[in-house]
Amino acid sequence: MLKLYHLPISFNSRRVWITLLEKGLSFESVPMKLNGDQLTPEFLALNPFHHIPVLVDDRFSLFESLAILDYLEAKYPHPSLVPSDPQKLGTVKMINLVTLNELLPAITPFLRQSMGFITLDESAKNKAQEKTATVLNLFEKTIGDRSYLVGQTLTLADIVAGTLVELLPQIGLSLSAYPQLTAWIEQLSQRPSWQETEPQPEQIAEFQETMKKMMDQRVS
Ligand SMILES: N[C@@H](CCC(=O)N[C@@H](CS)C(=O)NCC(=O)O)C(=O)O
């Protein structure tokens, strides 16, 4: 039986959760709070870097969400979430890496501001907006007039990029200049997997409270 250790509101674990649902796989959900529960010896034995998500498949365990997605695709290939065409496969992988290596660092200042941890000055805002725009322009061009980022069916690129791009308007980064991406996000949000994993306001508030307590403890 598959087991997913995750924080339900985390976009890092949500991409794995959605993939499990899209593949119709049943799994045991082990919700974490990240209030220190990631530092127990049991959890550190699964991931010495104390990060969720972790997937356990019988005696095998794996961390790093993109590695987990590759594992799920290889072990449970139907329905497939990666194209077989080499160029399309390369594009899916590129989008996944751009999302984690370019988009996530670009929007992190806005994410931290939305959690109340920092206040951005104009120069920091402009810098983050500029970097975000470079990624969004690439994604808008990639999707063109198609329904999904890489072709006419859902791929891991939609799951990885979509779960992060969807957050942008909520943290103060508008998508209004990107009509194709706006329509794409609207379409993704209609999927049952998206709806089932939608972070709830009370979960977000609880997580903010946990983070605030941890930061206060560090300061005092
Ligand atoms: N690159 C990792 C990132 C995972 C990650 O940053 N997880 C965060 C939550 S979103 C975490 O577990 N933080 C807890 C900690 O650092 O102790 C992945 O994609 O799986």
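Strand β1, helix α1 (residues 11–22) and strand β2 form a right-handed β-α-β unit; right-handed here means that, with the strands pointing away from the viewer, the path from the first strand over the helix to the second runs clockwise. Helices (H or I, at least four residues) and strands (E, at least two) are simply DSSP runs, numbered from the N terminus. The model is a predicted one, so to speak of local features takes a pLDDT of at least 70 and side-chain atom pairs count only at pLDDT 80 or more, while totals for chains, interfaces and linings use all residues. Residue numbers start from 1 along each chain as its sequence is written.

As for pairing, two strands are taken to pair if DSSP finds at least two bridges between them. β1 (residues 2–6) runs parallel to β2 (residues 27–31), with five bridges joining them, and leucine 2 sits opposite phenylalanine 27 of β2. β1 also pairs with strand β3 (residues 54–57), this time antiparallel and through four bridges; here tyrosine 5 faces valine 54 of β3.

The loop between α2 (41–46) and β3 holds proline 53, which is joined to isoleucine 52 by a cis peptide bond with omega of about 5°. Histidine 50 belongs to the loop between α2 and β3 too, and its phi is near 45°, a positive value in a residue other than glycine. A cis peptide bond also leads from histidine 78 to proline 79, with omega near -5°; proline 79 lies in the loop between α3 (65–75) and α4 (86–114).

The axes of α6 (residues 156–165) and α7 (residues 179–189) come within 10 Å and cross at roughly 105°, the axes being lines fitted to C-alpha atoms over the stretch in contact, with angles from 0 to 180 degrees between N-to-C directions. α6 and α7 are therefore roughly perpendicular, a label for 65 to 115 degrees. Asp158, Gly162 and Val165 of α6 meet Leu181, Ile185 and Leu188 of α7, contact meaning C-beta atoms, placed from the backbone, within 7 Å.

Technical notes: Parallel < 35°, antiparallel > 145°, perpendicular 65-115°, else oblique. Contact = placed C-beta atoms within 7 Å.
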